[in-house]
Amino acid sequence: MSYSDNNSDPNQPKPGTRLYNPYQDLHLPSQTLYHLPTSPEYLFTEESLHQRRSWGENLTFYTGSAYLSASIAGGAAGFISAFRSFEPTDTLKLKVNRILNSSGHSGRVWGNRVGVVGLIYAGMESGIVAITDRDDVWSSVAAGLGTGAVCRAARGFRSAAVAGALGGLAAGAVVTGKQALKRYAMI
């Protein structure tokens, strides 16, 4: 059994030994190996000039947030629907089952419908930004216009035109509201 001094630092070498440094032959100071940058590193300088999300991040963000918010709203609507359809003879187990089934069904339906709209919007906006190389309010309005038109194209030209106009107005209102919030609420 060897004697160990509890007051000694375990990182200090013992007499007659040395610490192993795997980087000793590289002639680099080991302290600089672990100084990581705090800002993102870009492969190309053009990437650092644009402060926006990539198309993949856009796709994930819009689709996911649309699906999540619509699923929550659909679940709430399903809960209300199940609560209204209670019968006086229902047991507690049957009421809970009715709530879970109705909430789950409505949540899935609403989430899938609105998630697809978010997917189309993300694709449209990323395509418009890639073509015009501008990420401004008008790109979002054009993406909303195109999304509304594509979502209602199967119902005819008039329906697609109305839905496109509503989609453009909605996208413009959301982007303008976001900019107003940033400016006046200082978030």
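Colleague: How many residues does helix 4 have, and what span is expected for helix 4 at 1.5 Å a residue?

Modeller: Helix 4 has 15 residues, and its reach of 21 Å from first C-alpha to last is close to the expected 21 Å, where the expected span is 1.5 Å times one less than the number of residues. This is a predicted model, in which local features need pLDDT of at least 70 and side-chain atom pairs count only at pLDDT 80 or more, while totals for chains, interfaces and linings use all residues. Residues are numbered from 1 along each chain, and side-chain values use heavy atoms, without hydrogens and water.

Colleague: Why is helix 3 called oblique to helix 4?

Modeller: The axes of helix 3 (residues 92-132) and helix 4 (residues 137-151) come within 8 Å and cross at roughly 135 degrees. Angles under 35 degrees count as roughly parallel, over 145 as roughly antiparallel, 65 to 115 as roughly perpendicular and the rest as oblique, so helix 3 is oblique to helix 4.

Colleague: Which residues of helix 4 are buried, and what do they pack against?

Modeller: Buried means under 20% relative accessible area, with over 50% exposed and partly exposed in between (1.4 Å probe, protein chains only). The buried residues of helix 4 include S139, S140, A143 and G144, and the buried residues of this helix pack against helix 3 and helix 5 (157-185).

Colleague: What makes S126 buried?

Modeller: S126, which lies in helix 3, has a relative accessible area of 15% and is therefore buried. Leaving aside residues up to four places away in sequence, S126 touches W55 and N58, where contact means heavy atoms within 4.5 Å.

Definitions and conventions: Axes fitted to C-alpha atoms, helices over the stretch in contact; angles between N-to-C directions. Helix = DSSP H or I, 4+ residues; strand = E, 2+ residues; numbered from the N terminus.
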